[in-house]
Amino acid sequence: MRPLWLDYRQETPGQQRGGWVLLGLGVAVATGLAIHFFSLQAEEEALQLQVSHLRREAEKERLAAGSGTPAAAAPSPASHPLGSWDSLFTSLEGAGDDTVTLLSIQPGPNEVQITGEAHDLGAALDYLKRLQAAPGVANARLTQSEVVEAHPQHPVRFSLATNWQEAPR
């Protein structure tokens, strides 16, 4: 008996050309998808920047409305007689630590209302002491404190009032 010769790979010129066409089509689709992905990523970054800008504007309006002054009458940082808000916020945040979280800051013409949450009353009082020593603030005082019973860790929610003064230069 004679051996059988089976050739399953019969290559014809049309099949080889079809493979190259499919490879080129795959590369073109992948390139198009990559370009589309990067354009969407750039658009997302631009939208996130716009959202953060809108959030800052809304927060400014909310703070101005919360302090009892209309948004148009709220003092701007540049026109405030006692200096910029940056120095005030730096003092407020610099007095904090891991045990205290500031929830809201409502600056007025001379007085700043601060709401925060602390692990316990001792941490809130420690924050008050550090705030009294911070530059740019004077006469810091605790106006309210309460234990949040609904929270499993029972943190203390507190309110402070302090006067806004010009930091020494």
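L33 is exposed in this predicted model, with a relative accessible area of 55% (buried is under 20%, exposed over 50%, partly exposed in between, with a 1.4 Å probe and protein chains only). The residue is found in helix α1, residues 13-66. Helices (H or I, at least four residues) and strands (E, at least two) are DSSP runs, numbered from the N terminus. Accessible areas come from the Shrake-Rupley method with a 1.4 Å probe, and for residues only the protein chains shown count as cover.

Residues are numbered from 1 along each chain as its sequence is written, and side-chain values use heavy atoms, without hydrogens and water. As the model is predicted, local features need pLDDT of at least 70 and side-chain atom pairs count only at pLDDT 80 or more, while totals for chains, interfaces and linings use all residues.

The protein contains 3 helices and 4 strands. From the N terminus, the elements run α-α-β-β-α-β-β. Buried residues account for 21% of the 169 residues. The accessible surface comes to about 12200 Å², and 59% of that surface belongs to carbon and sulfur atoms. Of the contacts between residues at least 6 apart in sequence, 56% join residues at least 24 apart; a contact means heavy atoms within 4.5 Å.

The 4 strands form an open sheet in the order β1-β2-β4-β3, with antiparallel pairing. Its edge strands are β1 (100-107) and β3 (137-147), each pairing on one side only. Twist averages 20° from one strand to the next. Axes are lines fitted to C-alpha atoms, for helices over the stretch in contact; angles run from 0 to 180 degrees between N-to-C directions. Two strands pair if DSSP finds at least two bridges between them. Strands β2 (residues 111-118) and β4 (residues 156-164) pair over 8 bridges in the antiparallel sense. Within this pairing, G116 stands opposite F158 in β4. Helix α3 (residues 121-133) packs on the sheet and touches β1, β2, β3 and β4. The direction of α3 makes about 170° with that of β3.

S104 lies in strand β1 and counts as buried, at 15% relative accessibility. Leaving aside residues up to four places away in sequence, S104 touches R62, Q113, I114 and T115. N139 is placed in strand β3. Its phi is near 60°, a positive value in a residue other than glycine.

The count of salt bridges comes to 3, each a side-chain nitrogen of Lys or Arg within 4 Å of a carboxyl oxygen of Asp or Glu. E59 pairs with R62, the closest N and O atoms being 2.6 Å apart. These two residues are 3 apart in helix α1, so about one helical turn separates them. E59 is partly exposed at 33% relative accessible area, and R62 is partly exposed at 40%.

R141 and E111 meet in a salt bridge at 2.4 Å, N to O. This pair links distant parts of the chain, with R141 in strand β3 and E111 in strand β2, 30 residues apart. R141 is partly exposed at 28% relative accessibility, as is E111 at 30%. R157 and E117 form a salt bridge at 2.7 Å, N to O. R157 lies in strand β4 and E117 in strand β2, so the pair ties together parts 40 residues apart in sequence. R157 is partly exposed, with a relative accessible area of 33%.
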